[in-house]
Amino acid sequence: MEDIPDDSLFLGLDNSTQSLKATVLDSSLNIVCTEIINFDTELPHYKTKGGVHRDPFISGRITSPTLMWIEALDVILLRLQTSPKLDIDKIVAVSGSAQQHGSVYWKKGSLGILSYLDSKKPLVEQFENAFSTKDSPIWMDNSTTEQCEAIEKALGGALELAKLTGSRAHERCTGPQIRRIYETCPQVYHNTERISLVSSFMACILIGGYACIDHTDGAGMNLMDIKERAWSNLALEATAPGLEDKLGNLAPAHAIAGLIAPYFVERFQFNKDCLVIQWSGDNPNSLAGLTLNTPGDLAISLGTSDTVFGITMNHSPNLEGNFFPNPVDKEGYMVMLVYKNGSLTREDIRDRCAERSWEVFNHFLQQTPPLNFIFQVERSVFITRIMKYYLLYQVRWSSLSDNLDYIFFCRQLEQWMLIHLLVGFHRYALEDFDGKTLDRLVEHEVKNFDPPSEVRALVEGQFVSMRGHIEKCGMLSPPERIIATGGASANHDSASLGAALRAAHGLLCYTKGGFVPISGLYIDKLEKTALGCKLAVASNHTAANYASFVKKRMEIENRLVETLGRR
């Protein structure tokens with residue numbers, strides 16, 4: 001890269017729900033080393049399950065211990081420092097990714113703790129009394145329905161809030177979380193001098209001061225005017241008093257947060273001139289790491305929650321999706337849908353229908369035909385099987401099945417769960433469906449599928465839903481290119497990779513004196529970097545057959561919403 005020494009290294013960190021990951025790139029954008037800290041297994045004294053605590057007394061309240069993230073940073077930096085693959089002094093820029101929407105509450109006086117860290121002591125020992133609440137509400141939280149409704153009402157309705165901030169109010173969004181803390185724990189709110197997102201919180205630690213919230217992650221709070229990229233006074237007033245002072249300033253994702261704090265220079269031998277680039281959310285960092293740069297590209301992240309995202313130059317927020325400023329483009333936007341039931345649902349079907357084995361699960365998927373067709377000779381009809389099946393722990397109406405380990409329900413999300421349906425399975429057989437037309441089609445709900453059909457119905461149902469809702473968002477469908485990432489794909493960690501790339505991008509913008517396109521880092525040499533993608537499968541004739549299937553599935557979903565659910 002021009003203007004950057006050849007021996008430069010770039011560190012990307014990803015503070016996800018279940019782990020903290022690190023990826024180091026060299027100046028050719030190839031991976032030098034990686035590390036990972038699993039919260040449950042390597043920090044068991046926090047007693048998390050899947051990186052979280054589920055409140056046994058407050059339905060839907062899900063948090064993570066703030067100190068756990070700090071201790072994980074201690075551990076992973078020590079591993080990087082002692083890695084034989086890495087000269088930590090060569091790291092010239094650091095950036096990061098974190099689970100979106102979660103919030104951290106700094107107690108009054110905590111800036112003094114940040115500013116005067118003792119390099120002879122571990123981080124975790126120095127932050128024990130830094131937070132007005134030690135439990136950070138995270139993206140899985142479902143306890144803020146009342147606050148969501150109040151905020152939407154104050155702003156003139158869900159659509160008006162979406163137009164202003166990029167999405168309607170969702171239980172996990174930071175604004176409703178803050179309002180709930182203000183209403184239910186006023187002493188916590190009043191004792192707080194700064195509220196950070198999980199992303200900006202991690203940047204605070206690295207610079208030894210309060211870091212800004214970046215524009216992209218800030219758009220997931222229901223507090224920022226997405227057009228102006230500034231805090232909205234209307235949204236702030238609808239959330240809690242004196243909130244702007246507690247949030248601090250906003251900044252572009254490519255901006256410099258500050259120099260790395262002396263603590264990290266002295267304790268871990270970072271270079272004193274190492275820059276910390278603004279942190280952002282995990283999905284925006286994945287967008288960077290997957291090099292999505294044209295409206296025809298679409299990414300699907302398969303993880304604890306499944307996310308579908310792409311880019312657009314048009315600002316048209318609606319009730320179908322979530323809009324964010326593009327983290328690597330000053331003018332464009334990122335559009336995203338989130339399905340809270342992703343891997344949890346696939347894992348449950350694996351355990352019930354595939355002998356708890358992914359190998360068996362994959363075999364079932366391969367042995368069943370696309371669209372789950374079964375040709376009934378004696379009746380001379382085609383039957384295709386579809387299923388609407390979702391699993392979630394501690395949904396808002398958990399009293400329906402307090403004695404159950406799981407709550408099974410159909411819940412399609414148009415970004416952050418717009419549709420709520422009662423618990424249950426919904427399986428359908430479509431007769432006389434040839435994959436081309438809905439004419440003469442007969443549908444009926446059935447109780448069970450055989451295991452192979454159950455597996456395919458689940459997987460196809462999830463992806464067909466994604467296509468249907470992406471079309472509602474105005475995204476190109478079918479897209480020209482789909483890139484898969486996340487734990488259930490071959491590309492396991494695009495977030496920390498994207499963070500490392502964004503570290504390089506931030507440094508490049510800094511040396512150029514202003515924003516430059518991120519593609520300048522890898523243009524004409526993408527396949528020679530860690531960012532390159534290989535074609536896994538080309539589109540074929542079955543892609544067209546799914547169009548009618550999508551239409552029918554959305555008809556069934558809308559009917560279920562009218563009968564069982566509410567918007």
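Which residues in helix 17 meet which residues in helix 19? In this predicted model, the side of helix 17 consists of Arg-456, Glu-460, Gly-461, Val-464, Ser-465, Arg-467, Gly-468, His-469, Glu-471 and Lys-472, and these meet Ala-543, Tyr-546, Ala-547, Phe-549, Val-550, Arg-553, Met-554, Glu-557 and Asn-558 in helix 19. Sorted by class, the contact of helix 17 with helix 19 holds seven nonpolar, five polar and seven charged residues.

The geometry of this pair can be followed from the axes: helix 17, residues 451-472, and helix 19, residues 542-564, pack at an angle of about 85°, and their axes lie 9 Å apart. Because angles from 65 to 115 degrees count as roughly perpendicular, helix 17 and helix 19 are described as roughly perpendicular to each other.

Helix 17 also has a contact with helix 16, which spans residues 358-367, and here the axes come within 8 Å and cross at roughly 85°, so that helix 16 and helix 17 are likewise roughly perpendicular to each other. From helix 16 the contact draws on Phe-361, Phe-364, Leu-365 and Gln-367, while helix 17 supplies Pro-451, Pro-452, Val-455, Arg-456 and Val-459. By class, the contact of helix 16 with helix 17 has seven nonpolar residues, one polar and one charged. Arg-456 of helix 17 is listed both in the contact with helix 16 and in the contact with helix 19.

Elsewhere in the model, Asp-6 is found in the segment before strand 1, which covers residues 9-15. Asp-6 has a relative accessible area of 65% and is therefore exposed. Although Asp-6 and Ser-27 are separated by 21 residues in sequence, their C-alpha atoms are 5.7 Å apart in space.

Definitions and conventions
Residues are numbered from 1 along each chain as its sequence is written. This is a predicted model: local features need pLDDT of at least 70, side-chain atom pairs count only at pLDDT 80 or more; totals for chains, interfaces and linings use all residues. Side-chain values use heavy atoms; hydrogens and water are left out. Axes are lines fitted to C-alpha atoms, for helices over the stretch in contact, and angles run from 0 to 180 degrees between N-to-C directions. Helices (H or I, at least four residues) and strands (E, at least two) are DSSP runs, numbered from the N terminus. Angles under 35 degrees count as roughly parallel, over 145 as roughly antiparallel, 65 to 115 as roughly perpendicular and the rest as oblique. Contact means heavy atoms within 4.5 Å. Ala, Val, Leu, Ile, Met, Phe, Trp, Tyr, Cys and Pro count as nonpolar, Asp, Glu, Lys and Arg as charged, and the others, Gly among them, as polar. Buried means under 20% relative accessible area, exposed over 50%, partly exposed in between (1.4 Å probe, protein chains only).
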